[in-house]
Structures are given as structure tokens and as C-alpha cells.
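Please read the points with the structure open.

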Amino acid sequence: MPSLNEPVKRADTGGEIVGLGLSDVIQINQHNRFSGCIAIECAVGSGLLFFRDGEIIHAEQGKRTGEEAFYDILEWPPGKFRLQPNVTTTRNTIQKTSQHLLLDATRVLDERRAGRQAAPPPAEAAPRPPLRSSEVLEKLRRIPGVAYAALHGKDGSQVGDDSYEAEVLAGQAIFLSMIGNQLGALFQAGSVLSASVQGTTRHLLLFATKSHFLSVLVNGDTPAGPVETEVRRVLSGAR
Amino acid sequence: MQSVLNQLNAVPGVVGSMVCDAEGALVSNCFPPLFDNAALASAARVLADGAAGLETVTGKVGMVDLRYGDARIVVKPMAGAHLVLLCAAQTNLQLLNISTSVALPKLEKLVAARPPPVVAAPPPAPASKKEKEKKAKEKAPPPPPGEDPGLFHW
């Protein structure tokens, strides 16, 4: 098998997959028992992940190697990757299974984020008050691909928006939650917490709280996944 | 059909899968014995009743993803039927999509190849009014002697 020092002539596979994160690619590789290397490039830096029979055996980015390098790479913003089958390495800096490594990564990244949040804020930065629902809705409607967003009670009553669009959206959301709750009861899964319906003309995203539903209508030509991620980001920032 | 559903169940996180037709009948299922058929049949009816309503805003539905505390229900419409997957909450949807995109054409063929449902014989036509009156007269006991025949007897 050729090593990194001996460039392989085989065609590499590369690209960007919208809505598919690096952890998803790792899981797919594990499932397919992939052997080779993934070269990752983004604005922050570049790194390499080596696989053998679907398991990650080595990671490197900059001067870091092993698990720390892997966690760094996973924390990076979206970028590009290139799959290089049959490229291998003699180094073996990771002993954990990919599944174990991904589970640990969520914990480590949470701890890193918590550490950053715990850092003392600059003196001039005043504590930010939580956003009002109308401000949140305005922010959501500005997300590219979002056609409309509305907040309503679980009985279908509109909250702060008496428009026809909000009424239609509320009706659809109640209907979706009703189906979700019925199925949840039959499968002993409980009440629906969030849902998405991907259609040809529009996608409907539903987020449930204790007393309200947030419904977001997404244009059909926009993938629902990235919009949902962005909606969740806005919602977590509003808390 | 069972073997295709078995293959879908092999995707990490998938607990069970079933196929139900557009009329709300359960076509096939591959669930652990804990899930009784009555609940699965009810789920099939809920989907058949609700599927058309969901399309009013979104157009033709490609996928419904319902998330719960510990579970996720993914519904994939196909020609004349629905594929329903009950999964663990953390199931990788991208990985599941890869498997379902392979399985759906196979399931569509199998659903289309199903023998048509047996139509039950129509119930006998209701008896005409005259016949009913005639039968009632035959059944009613004669009034006791000396009593007004207009009284009802209990």
C-alpha cells in the first residue's frame, strides 16, 4: 500500500456536501469500512484523518496529532474535504473506535465551549437581554431560504402576527403536531418536540415548546437541513 | 418485502420499519415483538388520513421527520404507500437516507406487485317496508281476549 510520501495515482474523491458534517462522513466511512485518508481544508487550517477498515487510526493538524488534533478538526467551521482511498500511514496515534471518538468529541467540544464562555467578558460588554419573540421572528425571517416564520399557541392562536400567512402556517403546524403526537402515542415515544416536512414547493419546520409552536416555512429550492441548523442557532442565541 | 425491511433495520439506530398503503392498511412490518400489530395498524391509518393534509402547504412530500425525546419517526412516501421507520433519537439521518434511497425503489416494486385486496361480498339488500310489516304481524302475539288490541304488551 502506498504511503503519504508516495503520491497515489488513483482518482481522489472530493467535494462539499451541504448539510453533511464531518462527523457524518466519519460515520459513513466507518459503516463502509473505508481505508484511506480524508484531507480537510477550511479557513482555520488544514488537517488529515487516516482510516483503516472504517476506524480512525491517526489525525494530524498543524503540530498536533492524535485525539487532540481530531477534536480540533471537528471544531472547525465548514470547509472542503478530499477522500484519498488507499493512502495510509505507519503512525497510529488513536486507539479508540470511531464511535467512541465521536462520543468523546461531543463531550470535549462542550467542555471547550464552556471554558470559552466561562472566560471573563470584556469590561464594556453589558449582559445581553434575552430577545423578544418579535425580534426572534424577524431574525428567523432574515435567514436565507426562509419564506415565513410564525409563533402560535398550541391551540392555534396567533401570537403577535395576525397575518393570513401566519394563520395558514399555524393551522399546518397544529395538523403536523397532531399527527406527530398520535404516532408518538402509538409508538410510546411521547409528544413531538420538533418536526420537518420536506416538500417539493416548501419545507415546514416545527419547533415545540411547553405552550407554543414555532413554525418556519422554507423555500423548496433550499435544503431544509442547513436552514434548520441556522434556526436552532438563532433560537439558542435568543435564550 | 420483509427482507428489505430487515436490511433497513440493520442501519444503526433503526428500531423497526413498516410499509403501509395509501388506504391505511399495514402491508408489511419488521418490528420487535414488543410492538403489537394493532398499534402499527393504527399508525398506518393515522398516516393515510394525514398524508393529504400535509401536502397543502409543502406540495408533494418527500420526507417527514418527527423528533421526540428518545425517538425519531421518519416517514418516506412512495408510490401508493409509505415507509415508516422508528429510530433512536440520535440516528444519523444522512446514513439512513442512503439506505432508504436504495430500499424505496425495491419496496415500490413489491407494493405494486401485491395482489389486489379481496373485495367482500355486498351485504343483503334491506327488506322492503311491506315485507317488514308482514314479518312483524307474523311475530306479534294475538291480544288476550277481551282486551283493547291497541294496547302494547311488554
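1. Among contacts in chain A between residues at least 6 apart in sequence, those that join residues at least 24 apart make up 57%. Two residues are in contact if their C-beta atoms, placed from the backbone, lie within 7 Å. This is a predicted model, in which local features need pLDDT of at least 70 and side-chain atom pairs count only at pLDDT 80 or more, while totals for chains, interfaces and linings use all residues. Residues are numbered from 1 along each chain as its sequence is written, and chains are lettered from A and ligands numbered from 1 in the order in which they are written.

2. Chain A holds six helices and 10 strands. Helices (H or I, at least four residues) and strands (E, at least two) are DSSP runs, numbered from the N terminus.

3. Chain B touches chain A through 29 residues, which are in contact with 32 residues of chain A. On the chain B side, two or more residues come from each of helix H2 (37-58), strand S3 (61-67), strand S4 (71-78) and helix H3 (93-112). H2(B) gives the most, with 11 residues.

4. Strand S8 (residues 194-199) of chain A pairs with S3(B) in the antiparallel sense over six bridges; strands pair if DSSP finds at least two bridges between them. A:Ser194 has B:Arg67 as its bridge partner in S3(B).

5. A:Gln188, in the loop between helix H5 (164-186) and S8 of chain A, is not a glycine but has a positive phi of about 60°. Most residues other than glycine have a negative phi.
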